[in-house]
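This briefing concerns a single protein chain and is arranged by topic. Please keep the model open while reading.

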Amino acid sequence: MTQRNDDTDELVEQWVSAVPEINAQVEGVVDRVLMLARYLDRLAERLAGEFDLHFPDYEILARLFWVGPPHRLRPSQLAAGTMTAATTVTSRLDRLEKRGLVNRVRDLTDRRVLSAELSDKGRELFVQIVRRQAMAEHELFGRMSPDKMNMLTDLLSDLLMSFEDRLGPAPRRVRLALS
């Protein structure tokens, strides 16, 4: 079987010629991981769009869903979990509420605050999008053998643990929302 190469190695060579301190192997991994993450973000954005949903709104539904029952967060928690300003979250919540995807409810600890709660309709829509996303991701990874998938899983897990040892817990968005 002929090995196909992506364009990363050529780009990294250019980078190393400009900045010799760059480790070509490390930069090759970094570039590929970043490109793969961008592809997966684009996929999620496209699938959300198929359901007439802006990607940032999908991210709010995701935070509310993955936080678990009662699927409720304060706007400040959603801002932290989506890494956006609280004022931006408020306008997104307004849009989602108009569509019946979230409900605003008085916060249990501070009655001045209106928390966002995922509605049944919002939960159903989110699960529908995630199902489509899972099928699309499965197709994307379908060219890899089970052995290669296991190897990739192990390598990425090792890399993630190495990062966590040096940089602290991974910045998972649900964790950010609850911190």
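Buried denotes under 20% relative accessible area, exposed over 50%, and partly exposed the range in between (1.4 Å probe, protein chains only). By that criterion 4 of the 5 residues of β3 are buried, so this strand is largely enclosed by the rest of the structure. Helices (H or I, at least four residues) and strands (E, at least two) are DSSP runs, numbered from the N terminus.

**Basis and confidence**

- The model is predicted: local features need pLDDT of at least 70, side-chain atom pairs count only at pLDDT 80 or more, and totals for chains, interfaces and linings use all residues. Residues are numbered from 1 along each chain as its sequence is written, and side-chain values use heavy atoms, with hydrogens and water left out.
- The mean pLDDT (the predictor's confidence in each residue, from 0 to 100) of the protein chain is 90, and 93% of its residues reach 70 or more.
- Confidence is highest in α6, at a mean of 96, and lowest in helix α8 (residues 173-178), at 61.

**The sheet around β3**

- An open sheet is formed by 3 strands in the order β1-β3-β2, with antiparallel pairing; two strands pair if DSSP finds at least two bridges between them.
- The edge strands are β1 and β2, each of which pairs on one side only.
- Strand β1 (residues 72-73) is joined to β3 over 2 bridges: R72 has E117 as its bridge partner, and L73 has A116.
- Strand β2 (residues 102-106) is joined to β3 by 5 bridges, and V102 has L118 as its bridge partner.

**Helix α6**

- Helix α6 (residues 120-141) has 22 residues and spans 31 Å from its first C-alpha to its last, close to the expected 32 Å; the expected span is 1.5 Å times one less than the number of residues.
- Its buried residues are G122, L125, F126, I129, Q133 and A136.
- Viewed down the axis of α6, these buried residues fall within an arc of 95 degrees, so they line one face of the helix; the arc is that of the directions from the helix axis to the C-beta atoms.
- On the other side of α6, the exposed residues are D120, E124, R131, M135, H138 and E139.
- The cover over the buried residues of α6 includes α2 (24-50), α3 (55-66) and β3 (114-118).

- Apart from neighbours within four places in sequence, L64 is in contact (heavy atoms within 4.5 Å) with H71, R72, L73, L78, V102, A116, E117 and L118.

**R74 and helix α4**

- R74 lies in the loop between β1 and α4 and, at 24% relative accessibility, counts as partly exposed.
- Not counting residues up to four places away in sequence, R74 touches D107, T109, D110, V113 and S115.
- The C-alpha atoms of R74 and D107 are separated by 7.5 Å, although the two residues are 33 residues apart along the chain.
- In helix α4 (residues 75-82), the buried residues are P75, L78, A79, G81 and T82.
- Just after α4, M83 adopts a positive phi of about 55 degrees.
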